[in-house]
Amino acid sequence: MGYIIISLIVLAALLFALSFFLKDPYKELREEIDQLTIQQIQDLYQIKKKLKVLEEELLVGDTNLDRQSSFNTGKKQIHEIIKNQVWSLAQQGMDLNQIAKQSSLSTQEVQEIINEFVDKGQIV
């Protein structure tokens, strides 16, 4: 009877020691889930960041349009991006008619935009 108990204790100790050297079957699965979770959190963070930037641009755009419409009633509103594009083309030496065609504006509007930049102190 004593031999059986001793042999069971020795067997238990061997199995316990062996358990430290065996590979955990769920370890890879846990690591993969952790990686997917981290990737998902990073993607969500980037989406929230881009959404915040877009919301800020929309808010700034709305306030600028409100200010401009109160000052320029009855006048066609031209977006700042188009104005910058017109100015860039004018600096490259492009003809007013070509700039008007490319930006879908009239020649008069192109001239007004260029005059506006010149009035701000930027040289052609």
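Residues are classed here as buried when their relative accessible area is under 20%, as exposed when over 50%, and as partly exposed in between, with a 1.4 Å probe applied to protein chains only. The structure is a predicted model, in which local features need a pLDDT of at least 70 and side-chain atom pairs count only at pLDDT 80 or more, while totals for chains, interfaces and linings use all residues. Residues are numbered from 1 along each chain as its sequence is written, and side-chain values use heavy atoms, with hydrogens and water left out.

The protein chain has a mean pLDDT, the predictor's confidence in each residue on a scale from 0 to 100, of 83, and 85% of the residues score at least 70. Confidence is highest in helix 1 (residues 2-21), at a mean of 91, and lowest in helix 2 (residues 27-71), at 82. Five helices and zero strands were assigned, helices (H or I, at least four residues) and strands (E, at least two) being DSSP runs numbered from the N terminus. The order of elements is accordingly α-α-α-α-α from the N terminus on. Of the 124 residues, 12% count as buried. Among contacts (heavy atoms within 4.5 Å) with a separation of 6 or more, 46% join residues 24 or more positions apart.

Helix 4 (residues 96-103) contains the buried residues Ile99, Ala100 and Ser103. Seen down the helix axis, these buried residues fall within an arc of 100 degrees, so they line one face of helix 4; the arc is that of the directions from the helix axis to the C-beta atoms. An α-helix has 3.6 residues a turn, so residues three or four places apart point the same way. The cover over the buried residues of helix 4 includes helix 3 (80-91) and helix 5 (107-119).

Helix 4 packs on helix 5 at an angle of about 105 degrees, with the axes 9 Å apart. Helix 4 is therefore roughly perpendicular to helix 5. The contact involves Leu96, Asn97, Ile99, Ala100 and Ser103 of helix 4 and Thr107, Val110, Gln111 and Ile114 of helix 5. By class, this contact has five nonpolar, four polar and no charged residues. Axes are lines fitted to C-alpha atoms, for helices over the stretch in contact, and angles run from 0 to 180 degrees between N-to-C directions. Angles under 35 degrees count as roughly parallel, over 145 as roughly antiparallel, 65 to 115 as roughly perpendicular and the rest as oblique.

Helix 3 and helix 5 pack at about 85 degrees, also with axes 9 Å apart, which makes helix 3 roughly perpendicular to helix 5. Lys83, Asn84, Val86, Trp87 and Ala90 of helix 3 meet Val110, Ile113, Ile114, Glu116, Phe117 and Val118 of helix 5. The residues of this contact comprise eight nonpolar, one polar and two charged. Ala, Val, Leu, Ile, Met, Phe, Trp, Tyr, Cys and Pro count as nonpolar, Asp, Glu, Lys and Arg as charged, and the others, Gly among them, as polar.

Ser104 follows helix 4 and lies in the loop between helix 4 and helix 5. Its phi is near 60 degrees, a positive value in a residue other than glycine. Most residues other than glycine have a negative phi. Ser104 is exposed, with a relative accessible area of 61%. Ile78, in the loop between helix 2 and helix 3, counts as buried at 13% relative accessibility. Not counting residues up to four places away in sequence, Ile78 touches Lys83, Leu105, Glu109 and Ile113. The C-alpha atoms of Ile78 and Glu109, 31 residues apart along the chain, are separated by 8.9 Å.
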